[in-house]
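Visitor: I would like to go through this model with you, one question at a time. Please show it first.

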Amino acid sequence: ARRQGKGGARFGYKAHVGVDQGSGLIRAVVTTPANVNDTTPADRLIRGDERAVWADAAYHTHARERALKARGIKPRLARRPNKHHPALPARLKHYNALIARRRAAVETTFATWKRRMGLTGIRYLGLAKASAQVTLAAIAFNMRRWVALSPP
């Protein structure tokens, strides 16, 4: 994710979030440089009290799947093709389709950040400042969600 531009080459940042399935509240947020693989921060998003973890294919590893099972957490991680299986088998395609609806809660979070809160990019240089911006956006999102969840 290097970009060549007028100001030279710069790295961007990525926000990774863990969202509660029932309430839609953000439970965990991690900001990384854009050149860090998505699977690296995945374990920091897991709190340990989940009954299941739903994630897209970028977060799947066999080791993570085994570790979640060992902790009594159902791993619902989308699967992706690899060098040994370049085409995803039909059963895994079906599995991915089945879990896609549940994973939509996280995508809704990003859509709200982008469309309603105007967070289309990180406005600061440096991981600490970028992380602060993402964390503040998560706090604002949760406050907004809390209002929606609260009885009138």
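This is a predicted model: local features need pLDDT of at least 70, side-chain atom pairs count only at pLDDT 80 or more; totals for chains, interfaces and linings use all residues.

Visitor: In what order do the helices and strands of the protein chain run from the N terminus on?
Guide: The protein chain has four helices and six strands. From the N terminus on, these elements follow the order β-β-β-β-α-β-α-β-α-α.

Visitor: Does the span of H4 agree or disagree with the number of its residues?
Guide: Helix H4 covers residues 127-149. At 1.5 Å a residue, its 23 residues should span 33 Å. The end C-alpha atoms of H4 are 32 Å apart, so the two values agree.

Visitor: Which elements do the buried residues of H4 pack against?
Guide: The buried residues of H4 are Ala-130, Gln-133, Val-134, Ala-137, Ala-138, Phe-141 and Asn-142. An α-helix has 3.6 residues a turn, so residues three or four places apart point the same way. The packing partners of the buried residues of H4 are strand S3 (13-19), strand S4 (26-33) and helix H3 (90-115).

Visitor: The backbone nitrogen of which residue lies 2.7 Å from a polar atom of the side chain of Asn-142?
Guide: Asn-142 lies in helix H4 and is one of its buried residues. Leaving aside residues up to four places away in sequence, Asn-142 touches Leu-25 and Ile-26. The backbone nitrogen at 2.7 Å from its side chain belongs to Ile-26.

Visitor: Which residues make the nonpolar surface patch of about 330 Å²?
Guide: Met-143, found in helix H4, is exposed because its relative accessible area is 55%, and over 50% counts as exposed. Met-143 contributes to this patch, whose members are Leu-136, Ile-139 and Met-143.

Visitor: How many residues apart in sequence are the parts tied together by Lys-14 and Asp-38?
Guide: The side chains of Lys-14 and Asp-38 meet in a salt bridge, at 2.8 Å from N to O. Lys-14 lies in strand S3 and Asp-38 in the loop between S4 and helix H1 (42-45), so the pair joins parts separated by 24 residues.

Visitor: Is Arg-64 buried or exposed?
Guide: Arg-64 forms a salt bridge with Asp-43 (2.8 Å, N to O). This pair links helix H2 (residues 62-70), which holds Arg-64, to helix H1, which holds Asp-43. Asp-43 is partly exposed at 46%; Arg-64, with a relative accessible area of 9%, is buried.

Terms used:
Residues are numbered from 1 along each chain as its sequence is written. Side-chain values use heavy atoms; hydrogens and water are left out. Patches are made of residues with over 30% relative accessible area and no salt bridge: like charges are joined within 9 Å, nonpolar side chains (Val, Leu, Ile, Met, Phe, Trp, Tyr) within 5 Å. Accessible areas come from the Shrake-Rupley method with a 1.4 Å probe; for residues, only the protein chains shown count as cover. A salt bridge is a side-chain nitrogen of Lys or Arg within 4 Å of a carboxyl oxygen of Asp or Glu. Helices (H or I, at least four residues) and strands (E, at least two) are DSSP runs, numbered from the N terminus. Buried means under 20% relative accessible area, exposed over 50%, partly exposed in between (1.4 Å probe, protein chains only). The expected span of a helix is 1.5 Å times one less than its number of residues. Contact means heavy atoms within 4.5 Å. A polar contact is a pair of N or O atoms within 3.5 Å; within protein, one must be able to donate a hydrogen and the other to accept it, and residues adjacent in sequence count only if both atoms are side-chain atoms.
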